[in-house]
Amino acid sequence: MCPVVLTSYNADQPRNRRRQTAISKDYDHRLIHQRLSSIYEAQEENDILGLISLLRSGLVRNLGNITAPKLYNRAYAGTKLLIEDYVTQVAYAIENLTQYPTSPSSDTGLTNQAKLDVLHDTRQAFGRSVLVLQGGAIFGLCHLGVVKALHLRGLLPRIIAGTATGALIAALVGVHTEDELLDFLTGKNIDLTAFTNRPYRNGSSRSGWIETLLRRVKRWWREGHFLDVGVLEQVLRANVGDLTFEEAYTKTKRVLNITVTTSGGGGVPNLLNYLTAPNVVSLSLSTLPNLFTDSL
């Protein structure tokens, strides 16, 4: 067993002194300091309207480039104290806003509807984390390992987007609940019988590699692709089913987004989800056009 070396935290070490120095060319320290002072002032004066204005205009993920990687790899832990103070005060400001008493009229104070509008607008501006699964042909199956690792650590985002092979994985994940997902990702509940029920898999004929190669070459010549799309469609129907996007969202509360490219490659891809295409009959059919595009 390798020995574990423990080092004590010392604020005077050069790496930790970097945190105390707010000035840096990697982010706009003047902007952060100004907004932090404004938040302090609004909270001390109980200026709820001023606090709302600051939240509406400044609640973005990368304000002043505060998420720059260089700001987080200089010290042993954390980043600039100015940035940490700013993030903490913004969190306190949101908490104070949610607990602020409301009044029935806007003339006398903050109404319930106004508070809900502020919270909704700031959430929309801040956004949410999204897992984007791209293509990659057979290598796209590696997405399953990524999804499994995130799920086991409780980090799997509620919004998933996919294109090409990533759309297939996104559809498989988007129709399973939290209780079903782990068994699916470990391979226990995956139905792959479509690969063994093909006519040329029964051992009676066309079982050699030469016959397989000839069959795929003929398919490529006639249809433009080597693999049998019918097998993939059966696998998707067996594992995804005929749920619509809206039904999948109602079942799992996950927002599934699938991009479908247009023919010719010159158009704008269509985005399918429970808002833009709630009544699409089958998720499995919506993923098939992606799997044989140039993105693979």
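Is the crossing of α2 and α4 left-handed or right-handed?

**Figure 1. Packing of helices α2 and α4 in the predicted model.** The crossing of these two helices is left-handed. Two packed helices are described by the angle between their axes and the distance between the axes. Here, helix α2 (residues 29–44) meets helix α4 (residues 81–99) at an angle of about 35 degrees, and the axes lie 10 Å apart. Residues of α2 that make the contact include I32, L36, I39 and Q43. Among those contributed by α4 are L82, Y86, Q89, V90 and A93.

**Figure 2. The aromatic pair of Y249 and Y274.** The rings of Y249 and Y274 are stacked, with 4.0 Å from centre to centre and 5 degrees between the planes. Y249 belongs to helix α11 (residues 245–252), whereas Y274 lies in the loop between β4 (270–272) and α12 (283–287). The pair thus links distant parts of the chain, 25 residues apart. Y274 counts as partly exposed because its relative accessibility is 22%, and buried means under 20%.

**Figure 3. Charged side chains over aromatic rings.** The charged end of K253 sits over the ring of Y249, 5.4 Å from the ring centre. In a second example, the charged end of R61 is placed over the ring of F126, at 4.5 Å from its centre.

**Figure 4. Buried residues of helix α8.** Within helix α8 (residues 178–185), L181, F184 and L185 are buried. These residues are on the same side of α8, because they cover an arc of only 90 degrees around the axis. An α-helix has 3.6 residues a turn, so residues three or four places apart point the same way. After α8 comes G187, which has a positive phi, near 90 degrees.

Definitions and conventions
Residues numbered from 1 in each chain as written. Predicted model: local features only at pLDDT ≥ 70, side-chain atom pairs only at ≥ 80, totals over all residues. Heavy atoms only, no water. Phe/Tyr/Trp six-rings, centres within 6.5 Å; stacked < 30°, edge-to-face > 60°. Helix = DSSP H or I, 4+ residues; strand = E, 2+ residues; numbered from the N terminus. Buried < 20%, exposed > 50% of the residue type's maximum accessible area, 1.4 Å probe, protein only. Lys NZ or Arg CZ within 6 Å of the ring centre and 35° of its normal. Arc of directions from axis to C-beta. Axes fitted to C-alpha atoms, helices over the stretch in contact; angles between N-to-C directions. Left-handed = near helix turned anticlockwise from the far one by under 90°. Contact = heavy atoms within 4.5 Å.
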